[in-house]
Amino acid sequence: MEWIIGIDGGGTKTIGIAADCSGTIVARTEQGPANYHIIGINDFKTRIACIVNELAESCNLSKRDLKVVSLGLAGADREQDRKVIVTALGDLDLNCHYLVVSDARAALMAGLGKDEGIVLIAGTGSIAYGINKSGEVIRAGGWGHVVSDEGSGYDIGRQALIRSIKGAEGRDRETTLLPHIMAHFGCQNWNEFIGFINNRTTTKGEIASLAPLIAQTAMAGDSVAAEIVRDAGDELASLVESVISRGFPLGETVRVCLYGSIVNNIELIRRRLEIALAGKAELVGCQQEAVIGAMLIGLEWLTEKER
């Protein structure tokens, strides 16, 4: 059977699916991260090779019949990144075509079923990514946690840490956040807490894991937590507004699909987005995983090739 692979590779996990040439999914695997900026190019090659092998073996598929591997990858936004990745994939000695796109484009395809519209991704990080009717790509944010990722889980967690510490020192309004945060991380005292947040092994994901707690504290009436959540919603809305204003016709309502735990699981942020983007965007909750978008991009390429 001739078959294709779709891969959604992020900084935390990578999902791979195998499908026949009609798009019927026959196998799935989930493994660790595939952002080569984080794990290195050699570990990236090993990761993709393991995914291909596992998918092939699980359904007794021959790698000789593999037609295309379509990858939606974090860290593949720039042309130079894609060149590095394609060169590395060439070392796998698979007689197939490789398509490499950003994880945002794969999510857009999965969410709206076509390469047109906007996707807002807000999980550990954040980005708004759009493609207009002319095929022009417009993006806002997504430049990493040092200078960007506004409104993300990491941003919410970091703001909560800053403001809870300031509150404890009398430099900000009083808040109930600090004891909740310390309990969340299992810290028994101040020294443990400061040691944990400054430990080089503490990850962005651990800081981002505070976001649901901050939302719950906001719902319970804490004004500082409510302000953090409200500001996060406004930052995410501004990412979408930036993409709309730079790439889409004035006055046109643009479809925006939402991906990630922050925009889909935190009701306060979802409501803030709905208010800020009313009349500008139609918000669509995405039901399909981004890996489906990667597979669809590969299937689209194969269909065009065989015409």
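**View 1. Aspartate 93 is an exposed residue, with a relative accessible area of 69%.** Welcome to the first stop in this predicted model. Aspartate 93 sits in the loop between α3 (79-90) and β5 (97-102). Look at its backbone here: phi is near 55 degrees, a positive value in a residue other than glycine.

**View 2. Aspartate 149 has a positive phi and is buried.** Here phi is near 60 degrees, and again the residue is something other than glycine. You will find aspartate 149 in the loop that lies between β8 (137-141) and α5 (153-168). Its relative accessibility is 8%, so aspartate 149 counts as buried, the cut-off being under 20%.

**View 3. Strand β1 (residues 3-9) is mostly covered.** Of its 7 residues, 7 are buried. The cover extends to both faces of β1. On one side, Trp3, Ile5, Ile7 and Gly9 are buried; on the other, Ile4, Gly6 and Asp8 are buried too.

**View 4. Strand β1 pairs with β2 and with β4.** With β2 (residues 14-20), the pairing is antiparallel and runs over 7 bridges. These two strands form a hairpin, with 4 residues between them. With β4 (residues 66-73), β1 pairs in the parallel sense, over 7 bridges. A handy landmark for this pairing is glycine 6, which stands opposite serine 70 in β4.

**View 5. Helices α4 (residues 103-112) and α13 (residues 290-305) pack at an angle of about 90 degrees.** Their axes are 7 Å apart. Because angles of 65 to 115 degrees count as roughly perpendicular, α4 is roughly perpendicular to α13. From α4, the residues that take part are Arg105, Ala106, Ala107, Met109 and Ala110. They meet Ala290, Ile292, Gly293, Ala294, Leu296, Ile297 and Glu300 in α13. The residues of this contact divide into 9 nonpolar, 1 polar and 2 charged.

**View 6. Helices α6 (residues 177-184) and α9 (residues 211-219) cross at roughly 150 degrees.** Their axes come within 11 Å, and the crossing is right-handed. Leu177, His180, Ile181 and His184 represent α6 in this contact, where they meet Leu213, Ile214 and Thr217 of α9. Sorted by type, the contact residues are 4 nonpolar and 3 polar, with no charged ones.

Definitions and conventions. Residues numbered from 1 in each chain as written. Predicted model: local features only at pLDDT ≥ 70, side-chain atom pairs only at ≥ 80, totals over all residues. Heavy atoms only, no water. Buried < 20%, exposed > 50% of the residue type's maximum accessible area, 1.4 Å probe, protein only. Pairing = 2+ DSSP bridges. Axes fitted to C-alpha atoms, helices over the stretch in contact; angles between N-to-C directions. Left-handed = near helix turned anticlockwise from the far one by under 90°. Contact = heavy atoms within 4.5 Å. Nonpolar A, V, L, I, M, F, W, Y, C, P; charged D, E, K, R; others polar. Parallel < 35°, antiparallel > 145°, perpendicular 65-115°, else oblique.
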